[in-house]
Structure formats: C-alpha cells, structure tokens
Amino acid sequence: MITEIIINAFLVSFMLVIALFIVNTRKVIFTILLAGTYSLVAALMFVSLDAVDVAFTEASVGAGISTILFLAALSFLPKEEVQESFNKNNIFALSICLLIGGLLIWASYDLPMVGNENNPVHQHLVSDFIEGSKNHIGIPNVVTAILASYRGYDTFGETIVIYTAGLAVFILLYNRTLKETNKSVKNEISKK
Amino acid sequence: MMFLAILFAFSVCFLLILIRLIAGKTTYDRILAANSIGTIVVLAISIHGFYMGRPEFIDISIVYALINFIGTVAVLKLFDKGKLGDK
Amino acid sequence: MIDSIINYSSIASLILGILFILIGSIGILRLPDVFSRIHASGMIDTAGTAFIILGMCLQSGISLITAKLIFIGIFIFFTSPITGHVTANLARKKGLKPISNNKGETL
C-alpha cells in the first residue's frame, strides 16, 4: 500500500515538473516533445492504478497520434510563439472569472463522494456489466469486456492507430534500396 | 521486493534524463532524451507488471515501443524537411 | 537447485541491466555534445534493455510472456540504432560540429 503511494507520488511529481515546463517553454516543438513525455508518464500512472485499458488508449492516442497530428499542424505554423500584449488591469474579466470559479466550487459540494458505492453512476448499468459480462462474452476482466466488446466501435479507432503504427514501422524498416546499393557498389568496385 | 528496487532505479534514471530533456541546449539533445525516456518507460511498464504479479500486460510495452519509434522518426522528419508528407 | 540458479542469474542480469541504464543516463546528462550523447543513449537501448529483458525472461520461464519480451527486445535492438543514426545525420546536416580534441582538430 505505502509503496504504491510512493510510486504514484513520484509519477505525479514528474508530471507536475513536466507540466510546469510545458507552460514555460517558448518554442512550439519543445512543447510537443514535452507533451509526448507527459503522456508517457500519464500512461505509466494508469498502469500503476490498474487501468490497463486506459493506459493502452493513452499510449496509442495521447503519445502516438496526437503528437504526430500536432507536428503536422506545426508545419503550417510559425516556429516561435508571438508575444501578445494583454491588458492586465481588466477588472471586469477578473471579476467574471472569480465569480464563475466560485459558482463551480459551490456546485461541487452537491456532488456525491468519489468512490462511494451508492453513487448513481454505479447503480444503473454497472451491476449488469459485472454480473453479465462473463456469461455474455467470456472475458474474465470486466473493464476489458466493456472496452473491447460493449464499446467495441469506440475502441476500434485506437486499434486502427496501433495497427497503422505497426505497419509504418515495418515499412520504415523494410530496405527497398538494398539491392540497388549492392549493384552500385559492385559497379564501383569493377570500375576500379 | 527486487522489482520495486528496480522501479526506483528506473525513476532515478528517468529524473536524470528529464533534466537533459528540459535543459538540453539543442533540439537533437531533446529528441535523444525523449527517445531514451520512451525506452525506459517501456521497460518500466514490463517490470511493473512483474511487480504486481500480473505480467500479462506486456502488450502495452509493445505498443509503446512501436509508437516511440514512429514519433521520434516523425519529429526528425519534420526537422529535416520542414513538413510531414511526401510533397 | 536449478530453480535457485535461474533465480540468481536473473537477479544478476537485472542488476547488470540497471547498472548499464544508470551509466547511460548519467552519460546523457553529463557528456558534452549530441554526438557523444548518442553513445550513452545507445548504451541504454542495447545493453541495458537486453540484460533487463533477459532477466525478465528468466523470471517468467517458457510462456507467451517470454515470446512477447523477446519481441520487444528484438524490436528495440533494431530500431534504436536507426534513431541514433538519423539524429546524428540530421545534426551533422544542420551544421552542428562534434567538439574537437586537444589539438583542435574536429574529429
């Protein structure tokens, strides 16, 4: 128990440090690199919280596809952030922010406690899933059953991302030019 | 117990490389550090599976290893050509 | 008897792998420029990964997990040199010079 708390504290402090530097960095590409690392640590955290399927999603979508999409968008953007000037003495905006924030905090007191088993979330469908998933599908892990079968279309996108990543790796590793290089090397040797 | 010690050693390594990722002077340093962090996370997920006694979740490590390579190559290609894609 | 031998050799190879990874990360932190840091990164990716995966394989015995671990090991072993090569190539192409030796010649 205590060791898990220590591991999670380590991971959360890493995430905090990375997030602070994401806010501070001025170059867009460093922000993207740091965001990829952030999502790596987040997925490690999900693994340590036993949410393996969420970690799978974070790996494929958070670290993989979103980094590459950000990069593709970056090629249309300027490389450096432009300094904008804000009016820092805008009392009206500040008061609106404080008001809305206060209202949201006030409303959060009406929410049920996190992790309480009598919450409305846990009454509706979850009992069905817990009792029925083994008979319906035959997968022993309930979370895997929900992600892979009940919400199969949703997870299908992530599966496609992973499949595409695998294909891309093998395309990159497959050496198309090997034969041609060998030929040219042989020609050079024969010329000498 | 041994796996826990290994996890802590991994977090020390992670911290050392994270310093290089944040402080690194050139972009190539940062890309190299991000790649090494990816490798360490791949190993740490496998070790964590053994530590919890359920090493069936190594599939995530495979996915990470794939995604890490693709991401690094994409960043490098963006630096080389200035854009992704063929044209 | 054989069990304890396998267990001890697994522990030894895990410790060896951790040692390599620690040396590699110190190298990434302390070495002076990109081209020398690639050596340290390669140490993490090949020696450290190989020893740690060997240790985990010995722990898990002959099963599907071992096959997956070997797949990860082979994959990292083949892809990380490519990453290092592309990084060095690009850094060289963009005009970064490796630091010189004592006589002032760039290597």
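Modeller: Here is a quick tour of the chains, their contacts and the core. It's a predicted model, where local features need pLDDT of at least 70, side-chain atom pairs count only at pLDDT 80 or more, and totals for chains, interfaces and linings use all residues. Residues are numbered from 1 along each chain as its sequence is written, while chains are lettered from A and ligands numbered from 1 in the order in which they are written.

Colleague: OK, how many helices and strands are in chain C?

Modeller: Three helices and zero strands, counting DSSP runs numbered from the N terminus (helices are H or I, at least four residues; strands are E, at least two). The pattern along the sequence is α-α-α.

Colleague: And what radius of gyration does chain C have?

Modeller: 18 Å, whereas a compact globule of 107 residues would be near 13 Å. That's over C-alpha atoms, with the globule rule being 2.2 Å times the number of residues to the power 0.38. The C-alpha trace of chain C spans about 60 × 25 × 15 Å along its principal axes.

Colleague: What share of chain C counts as buried?

Modeller: 36% of its 107 residues. Buried means 20 or more other C-beta atoms within 10 Å of the residue's own, exposed means 12 or fewer, and partly exposed is in between, with C-beta atoms placed from the backbone.

Colleague: Switching topic: how many residues of chain B are in contact with chain C?

Modeller: 33 residues of chain B, against 35 of chain C, where a contact is two C-beta atoms, placed from the backbone, within 7 Å. H2(B) gives the largest share of the chain B side, 13 residues.

Colleague: What's that side like by class?

Modeller: 23 nonpolar, seven polar and three charged residues. Ala, Val, Leu, Ile, Met, Phe, Trp, Tyr, Cys and Pro count as nonpolar, Asp, Glu, Lys and Arg as charged, and the others, Gly among them, as polar.

Colleague: Which residues touch the most other members of the largest nonpolar core?

Modeller: Leu44(A) and Phe10(B), in a core of 82 residues. Such a core is a set of buried Ala, Val, Leu, Ile, Met, Phe, Trp, Tyr and Cys residues joined through C-beta atoms within 7 Å. H2(B) gives the most to this core, with 15 residues.

Colleague: Where does this core lie in chain A?

Modeller: Domain 1 (1–81) and domain 2 (128–192) of chain A both give residues to this core, so it lies between them. Those bounds come from an automatic or database domain assignment.
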